[in-house]
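Subject: Handover of a structure and notes on its domains

Dear colleague,

I am passing on the structure below, together with some notes on how its chains are divided and how the parts touch. Please have it open while you read.

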Amino acid sequence: MSLDAILFYVFAAVAVLSAVVVVAQRNPTYSAFALIVTMASLAGIFGLLGSPLIAVLQVIVYAGAIMVLFVFVLMLLNVQEERRIEGGSPAFRWTAVGLGGLLAVQVTVVLLRATRDGPAWAAGFDASARKVAQVLFSAQYVYVFEATSILIVAALVGALTLARRTGK
Amino acid sequence: MSATQQELLIAVVKVLVIFNALLILFSFMTYVERRMLAFMQFRLGPNRTGPLGLLQPIADGIKLFFKEELMPEGANKWLFMAAPAVAVMTAFLSMAVVPWGGPVTVKGREVTLQIADLDVGILYIFAISSLGVYGIVLAGWSANNKYTLMGGLRSSAQMFSYELALGLSWVGVIMLASSFRIGDIVAAQAGGFWRWNFVTQFVGFLVYVVAATAEVNRTPFDLPEAETELVGGFHTEYSSMRFALLQMAEYVNMITVSAIGANIFFGGWLAPIPALQAPFGFDLGLLWFLLKMAAALFFFVWLRGTLTRVRYDQLMHFGWKVLVPVATLNILLTAAAVTFLR
């Protein structure tokens with residue numbers, strides 16, 4: 001096995017195991033830290049696939065910025081272990097089972113297709129920062145990109161307005 | 001040996017050299033800091049262990065090894081043990097992309113004096129430093145102590161706020177070099193000290209100095225471990241080697257921000273005047289880089305000997321309402337300059 005393959009299996013195993021911990025763990029703080037580990041291992045896999053830019057962005061945005069807020073709030077509220085709710089309506093449970101089954105089918109189909117058709121990357125595309133920027137700011141995507149940034153600014157202003165509202 | 005094996009060997013040697021250099025630099029830095037602080041305060045500092053007290057770091061290391069490891073009651077055992085490891089790992093990881101000198105040719109093979117020459121080098125440092133906060137947060141949260149929890153909370157708020165300013169202070173430099181690769185950023189500053197980024201990106205440089213000081217929790221921004229109000233902050237409950245690891249993470253982080261500052265604002269391995277780059281026939285790049293890094297480290301100690309700690313609300317106010325807007329304005333002006341003047 002090549003070094004890349006070994007590293008891939010290590011990162012993949014860590015990602016899957018910590019993802020299981022995120023769901024199975026009762027203590028929200030543990031879940032948050034397990035999610036950070038998942039994000040970091042995914043970043044490792046992106047790096048192995050030859051895209052350090054995506055790997056680094058994954059860590060900055062998800063493992064760094066977003067999860068730090070989660071952890072901060074969890075620590076501030078000093079959240080305790082979750083307790084399982086007894087009972088619960090059967091409709092809710094069956095909906096969950098149905099959606100879970102749908103997800104399992106989707107994953108299976110994608111895996112089958114991938115093994116049949118081989119890898120799906122475009123040949124000769126290098127995911128360097130320069131190349132990604134050129135695609136992002138090409139006429140095809142630049143308007144969508146700018147629209148997204150306007151949306152984010154609008155969300156920011158909205159959050160500020162809500163936070164500044166006093167009393168009432 | 002095949003080419004791959006040679007590459008691997010070179011990589012391993014680089015990792016070993018830089019890792020050990022950092023360990024030595026860390027232990028020596030504790031001595032230098034104590035001595036210099038002492039001189040600034042008209043004291044002598046540690047001067048009994050060996051000539052001039054030079055063996056003090058070794059004595060400290062031995063002492064810490066033999067101390068008792070304490071585990072506070074009600075602490076979260078695994079996370080309490082993991083926290084120093086996380087802190088140290090993230091501290092050492094960011095040094096992987098910092099170049100210590102220009103490319104050198106050894107037996108017809110070009111070797112870069114850095115472990116990994118990523119084309120997103122500076123973003124990688126940003127990513128790793130954003131993970132660094134978890135070590136401190138974990139240490140503060142897992143010890144089941146209100147002082148450590150307060151320290152952990154403060155540090156996550158502080159590091160999160162100042163990380164933003166830190167990242168924004170680099171954007172101007174990145175635009176001037178039009179590359180994320182640290183080697184390219186250094187190369188773009190070639191041609192004498194008046195072309196270094198601390199001249200052309202003076203505002204960015206000032207923002208970087210303030211944000212980096214806050215990022216590594218040094219005076220005047222050492223609120224996560226403010227001893228007058230928080231006992232020892234996030235590391236109150238740590239003893240023995242785990243305490244030493246947390247200290248090590250802190251000093252290595254300080255060395256890292258000094259090295260990055262030397263590289264992206266002071267031309268890294270470049271000499272202040274091009275004629276001094278290789279005056280005796282061989283390249284003095286490593287020496288110039290180490291000199292700049294040492295100056296930056298001295299600056300941190302000097303700050304600690306000079307300034308008092310700021311208040312917490314002042315810190316947050318300054319970070320969000322002064323530093324971030326100034327850095328953003330700097331980006332705007334630099335972008336205009338790059339677009340219209342080039």
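The notes below take the two chains in turn, after a few words on conventions.

This is a predicted model, in which local features need pLDDT of at least 70 and side-chain atom pairs count only at pLDDT 80 or more, while totals for chains, interfaces and linings use all residues. Residues are numbered from 1 along each chain as its sequence is written, and chains are lettered from A and ligands numbered from 1 in the order in which they are written.

Chain B is divided into domain 1 (1–66) and domain 2 (73–341), with bounds that come from an automatic or database domain assignment. The C-alpha centres of these two domains of chain B are 19 Å apart, and their contact takes 18 residues from domain 1 and 16 residues from domain 2, where two residues are in contact if their C-beta atoms, placed from the backbone, lie within 7 Å. On the side of domain 1 of chain B that touches domain 2, the elements giving two or more residues are α1 (3–40) and α2 (56–65), helices being DSSP runs of H or I with at least four residues, numbered from the N terminus. The largest share of that side, 15 residues, comes from α1(B).

Chain A is divided into domain 1 (3–82 + 95–136) and domain 2 (137–168), whose C-alpha centres lie 25 Å apart. The contact in chain A takes four residues from each of domain 1 and domain 2.

Best regards
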